[in-house]
Amino acid sequence: MSTLSLDHVSRWFGNVVAVNDITMTIGPGVTGLLGPNGAGKSTLINMMGGFLAPSTGTVTLDGQPVWRNEAIYRHIGIVPEREAMYDFLTGREFVLANAELHGLGAEAARKALATVEMEYAQDRRIATYSKGMRQRVKMASALVHDPSLLLLDEPFNGMDPRQRMQLMDLLRRMGDEGRTVLFSSHILEEVEQLAWHIEVVVAGRHAASGDYRRIRRLMTDRPHRYLVRSSDDRALAAALIADPSTSGIEVDLAEGALRVQAVDFGRFTALLPRVARDHGIRLLTVSPSDESLESVFSYLVAA
């Protein structure tokens, strides 16, 4: 079990600040690094993997510095986003080359290829691989030395639905085994389906950390939206709108429900059951209508 720590890490290229004073801790399990394209995710992963030095701050794995620490690389597996590979090699040769760099042999390469279900194409040249197959053989190369920390930069790019599900299942198993797995994505659905924990990066800054529903609830300066069905929607709407915790209510005839916008989360959650009880109204459904990861992400980007 490994813990990766970033302490006030920044990285700039000339006058361009790619990562700006980020502090975070990545522990065992599956963590999603979420952010739009250009947010600084790849730069962060390159610093986490020891491929890039921070301009300021430190990156450590279990207390040991990552940058220029050859021994620590034995514990890190990385799948870069870039597609450039040695196309003249077969898949088996490519994975075996990485195994030999770690002092391992053909059995380690065979096991890694089997883990990503690429045995059937291991003797074909990489030049003949689809994008999804390339991703899987890069994954095998990253796993060949059985690392405790796995860093994946947009790993699902180019994969078909079956390949995507296979990789998701593999990453879940690794998280369950106690490995530290971090993957970056700008696809909200991928992170929502797979990650136990998320770190959100926007414009090089650390925007949020934690479970996405908890993050949404902590954003008390933003309105919260609910879909509410009751035994008397109009009477409930009239009672709620009088309270300052509610900034707007719409009667949705198609849904047969109220769409309520609350500006004070704590006050509203206490108000709703009390108002229903006092007015003899039965609450049938109360569900948040903006707690998808997509909604959280759009709020954070706009902040």
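This is a predicted model: local features need pLDDT of at least 70, side-chain atom pairs count only at pLDDT 80 or more; totals for chains, interfaces and linings use all residues.
**Overall make-up**

The protein chain has 303 residues, of which 50% count as buried, and its secondary structure comes to ten helices and 14 strands. Taken along the principal axes, the box filled by the C-alpha atoms is roughly 75 × 45 × 35 Å. Among contacts in the protein chain with a separation of 6 or more, 68% are accounted for by residues 24 or more positions apart.

**Helix 1 and lysine 41**

Helix 1 is largely enclosed by the rest of the structure, because six of its eight residues are buried. The buried residues of helix 1 are Lys41, Thr43, Leu44, Ile45, Met47 and Met48, and the helix is followed by glycine 50, whose phi is positive, near 85°.

Lysine 41 lies in helix 1, which covers residues 41–48, and this residue is buried yet has no salt bridge. The nearest side chain of opposite charge belongs to glutamate 154, at 4.0 Å. When residues up to four places away in sequence are not counted, lysine 41 touches Leu33, Leu34, Gly35 and Pro36, together with Glu154, Ser184, Ser185 and His186. Glutamate 154 is thus named both as the nearest side chain of opposite charge and as one of the residues that lysine 41 touches.

| Helix pair | Axes come within | Crossing angle |
|---|---|---|
| Helix 2 (residues 91–101) and helix 3 (residues 106–115) | 9 Å | roughly 120° |
| Helix 8 (residues 233–241) and helix 9 (residues 265–278) | 10 Å | roughly 135° |

On the side of helix 2, Gly91, Arg92, Val95 and Leu96 meet Ala106, Ala109, Ala112 and Leu113 in helix 3.

For the other pair, the axes cross at roughly 135°, and helix 8 and helix 9 are therefore oblique to each other. Helix 8 passes helix 9 in a right-handed crossing, where the contact is made by Leu236, Ala239 and Leu240 of helix 8 and by Phe268, Leu271, Leu272 and Val275 of helix 9.

How values were computed:
Residues are numbered from 1 along each chain as its sequence is written. Side-chain values use heavy atoms; hydrogens and water are left out. Helices (H or I, at least four residues) and strands (E, at least two) are DSSP runs, numbered from the N terminus. Buried means under 20% relative accessible area, exposed over 50%, partly exposed in between (1.4 Å probe, protein chains only). Lys and Arg count as positive and Asp and Glu as negative; His and the chain ends are not counted. Contact means heavy atoms within 4.5 Å. Axes are lines fitted to C-alpha atoms, for helices over the stretch in contact, and angles run from 0 to 180 degrees between N-to-C directions. Angles under 35 degrees count as roughly parallel, over 145 as roughly antiparallel, 65 to 115 as roughly perpendicular and the rest as oblique. A crossing is left-handed if the near helix is turned anticlockwise from the far one by less than a right angle, and right-handed if clockwise.
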